[in-house]
Amino acid sequence: MSSSSDDLERRSPQLLQELGTLYRNQNDFSKAFKVLTEALDIHTQLGNEMGKAEVLFGIGSIHLRCSKWDLAAQHYQQALHIWSEQGMTGDRAYGLYGLGDAHRFGGALDKAVSHYSEALEIYTEAGHGAGRASVLCALGEVGRWRNELESAVQQYSEALAISTDLGSKEGRANALYGLGNVDRARNQLDQAILRLSEALDIYTELEEMEGKTNASYSLGESHRMRNEFDQALLHYSKDIELSAESGSQKCQASALYSLADVHRARNELDQEMYRLSELLGVFTEPGDKADRAKALNRLGKIHRLRNEFNLALSRHSEALAIYVESGDKGGGASSLIGLGESHRLCQNFDQAIVRFSEALNIYTELGDNSGLANASFGLGESYRLRSEYDPAFLQYSKALEIFTNLGSKRSRAATLHGLASVHCGRNELDIAITQYSEALDILIELGDKAGQAKVIYGISYVHRLRNELDKALLLLSEALDIHTELGSKEDRCVVLDDLAEVHHLLGENCDALRLYSEALSIFNELGDQASRGPILAALAKINQFQGDYDQAVANYTQALQISLEIGDNDLRVDALQGLPEVLRLAHPNAQKITVPVEVAGPLRCSRHGEISGPCVVRMQIRLTDGEGDNDDFCQCVANRAQSGESNAAGIDSATKPTWDVTPPHREPTPEQEATPSTSFEVAQ
């Protein structure tokens, strides 16, 4: 064979087309595009219009797989034009079908229906059953996307009957898949699972990758909707495996989002965070920024739930920067809501109000009522927690009206809860009870037990304000049972704390001691130092009432240690007020006692400067009245922290300074928060 013949064979357009198809099936789209483009050039040079149309259609299919809808439509249109000119009716129907797909996935559903309908007419006249079934399934998909479910069922059912008569397994699987998704949309989940399972079995038998991926995802969704989370996890995990194998990032991302939803429903925040972090690894291309921002906002919400507020602020800020760069105002507003919630939970109420107000302005401009309600709710929460009840009432009322009009029952219940808390702060207790009760009825209807427990806790607070302690006790016990059933340790501790306090007010100190000890045990398990301190101080007071002065001293000392380590001024004052009193009772003849407190550091002293590592603070506490040059320990630590001085005395971690301490006097102050501390986050 001559060299020119060898070269011609090597550059045979038919061989290049076969190679391009092979690369496409292997998801190596760049190589497929390269060899098909070469084949197109050869057909063009040879004037082979039919070959050219075939290659144009193949290139369009590659663009379709790469989600480049406009380019896909452009190439399908060119192929269709050639087939129409050549009078190739069958190929023309094929081109119309491809063009319909490009418009359907690109969101131009009217154009898609027009092309599909023309293809269906050609296949019907030609008696081409398989082609007719394929187009009917595509029309069914459009109907399902438009929520025209009756029409979709008719088209899928007709396609199923044709494919069954023809013995076409793939056609049958496609129709079953469509019908199963309609069943899922109608919440007919038993029927959906049956049909989708049959479709998956056929796709598996045929080794049809895309079908297996889609059916696995839809089965996962069906089981998730039935709260069958173990089965849902199995199908989503299979979907992720298949999507990774096929290189379909969009399918992989959908499955990862759904897996994260399952973990959220099961309160598995670590696993949810892991899946969302995987999503960030998927969304790395410039065109993925919007999806990346969405995942970042969701990660920010998880960090909020885990009380990791700095991380939450970082995630939401990164998402906000992406949305601002892209000009996506709605996305930016959702990030501002996340930032507002994070600042609110950090008790940075000024910043929270700024962020919620910015989001409110954007949602007003966009006419987004749902976003407007969320921003108003956040503002209501922030003002309430600052005890600014008038603006809180105004914002909650706006949110309530919108949520009611939108039919958003869960958010309406959350807003009623907030309004009831405002009325508690205003001492309008009858109105508060009415709104709490309305919220509780909604949450019972929704089966939201966690929400019910929060509202019951709020009602118990009203009874405490009325000094109806027996009623408060019953309601707190009910809330505790719910949190125990749900396994919510943090919420359980909040209720245990209040239950213990009510028992103490009733003079039932043994019960109070038991409940405080139970709460302390859980906080120890969680490693929550900030919550351990107040419980230890409360336990010390109960110990004092029971005459167990040594244990009271030990608990006050631990509370003081925690206050020094985390910088909790209120807790430090409580401990330094309680210690002298209980020491006087334990040592009635003593004038001054040294109390050693081990502190991890760092802390500051007016005498010794900054101490960076572990040390022992030896506090000499005067138990009798008298004058002296004792340091005010609380004031010295605060002043040095403000001055920014560090290591003035060069003391290292081995130093064990002795500080003479006079407990500061603190006038009684009203509670900082005159409303229940439990709050909701509305769905965004």
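Predicted model: local features only at pLDDT ≥ 70, side-chain atom pairs only at ≥ 80, totals over all residues.
1. In which hand do helices α10 and α11 cross? The crossing of these two helices is left-handed.

2. The protein chain contains 31 helices and five strands. It has 684 residues, of which 48% count as buried. Among contacts in the chain with a separation of 6 or more, 57% are accounted for by residues 24 or more positions apart.

3. Helix α10 covers residues 169-185 and helix α11 covers residues 189-206; they pack at an angle of about 155°, and their axes are 8 Å apart. Because angles over 145 degrees count as roughly antiparallel, α10 is roughly antiparallel to α11. On the α10 side, the contact is made by Lys169, Glu170, Arg172, Ala173, Asn174, Leu176, Tyr177, Leu179, Gly180, Asn181, Asp183 and Arg184. On the α11 side, the residues are Leu189, Gln191, Ala192, Arg195, Leu196, Glu198, Ala199, Ile202, Tyr203, Glu205 and Leu206. Divided by class, the residues of this contact are eleven nonpolar, four polar and eight charged.

4. The second pair is formed by helix α18 (residues 329-345) and helix α19 (residues 349-366), which pack at an angle of about 160° with axes 8 Å apart. This angle makes α18 roughly antiparallel to α19. Helix α18 passes α19 in a left-handed crossing. Residues of α18 in the contact include Lys329, Ala333, Leu336, Ile337 and Arg344, while those of α19 include Phe349, Arg355, Phe356, Ile362 and Leu366. By class, the contact of α18 with α19 has eleven nonpolar, five polar and six charged residues.

5. Is Glu221 buried or exposed? Glu221 belongs to helix α12, which spans residues 209-225. Its relative accessibility is 9%, so Glu221 counts as buried. The side chain of Glu221 is joined to that of Ser258 by a polar contact of 3.1 Å. Leaving aside residues up to four places away in sequence, Glu221 touches Arg184, Tyr236 and Ser258.

6. His463 is located in helix α24, residues 449-465. With a relative accessible area of 10%, His463 is buried, because the cut-off for this class is under 20%. Which side chain makes a polar contact with the side chain of His463? The partner is the side chain of Glu468, at 2.5 Å. When residues up to four places away in sequence are not counted, His463 touches Ile433, Glu468, Lys471, Ala472 and Leu475.

7. Gly380 lies in helix α20, which runs over residues 369-385. Its relative accessibility is 0%, and Gly380 therefore counts as buried. Which residues does Gly380 touch, not counting residues up to four places away in sequence? They are Ala392, Gln395 and Tyr396.

Definitions and conventions:
Residues numbered from 1 in each chain as written. Heavy atoms only, no water. Axes fitted to C-alpha atoms, helices over the stretch in contact; angles between N-to-C directions. Helix = DSSP H or I, 4+ residues; strand = E, 2+ residues; numbered from the N terminus. Parallel < 35°, antiparallel > 145°, perpendicular 65-115°, else oblique. Left-handed = near helix turned anticlockwise from the far one by under 90°. Contact = heavy atoms within 4.5 Å. Nonpolar A, V, L, I, M, F, W, Y, C, P; charged D, E, K, R; others polar. Buried < 20%, exposed > 50% of the residue type's maximum accessible area, 1.4 Å probe, protein only. Polar contact = N/O pair within 3.5 Å; in protein donor to acceptor, adjacent residues only side chain to side chain.
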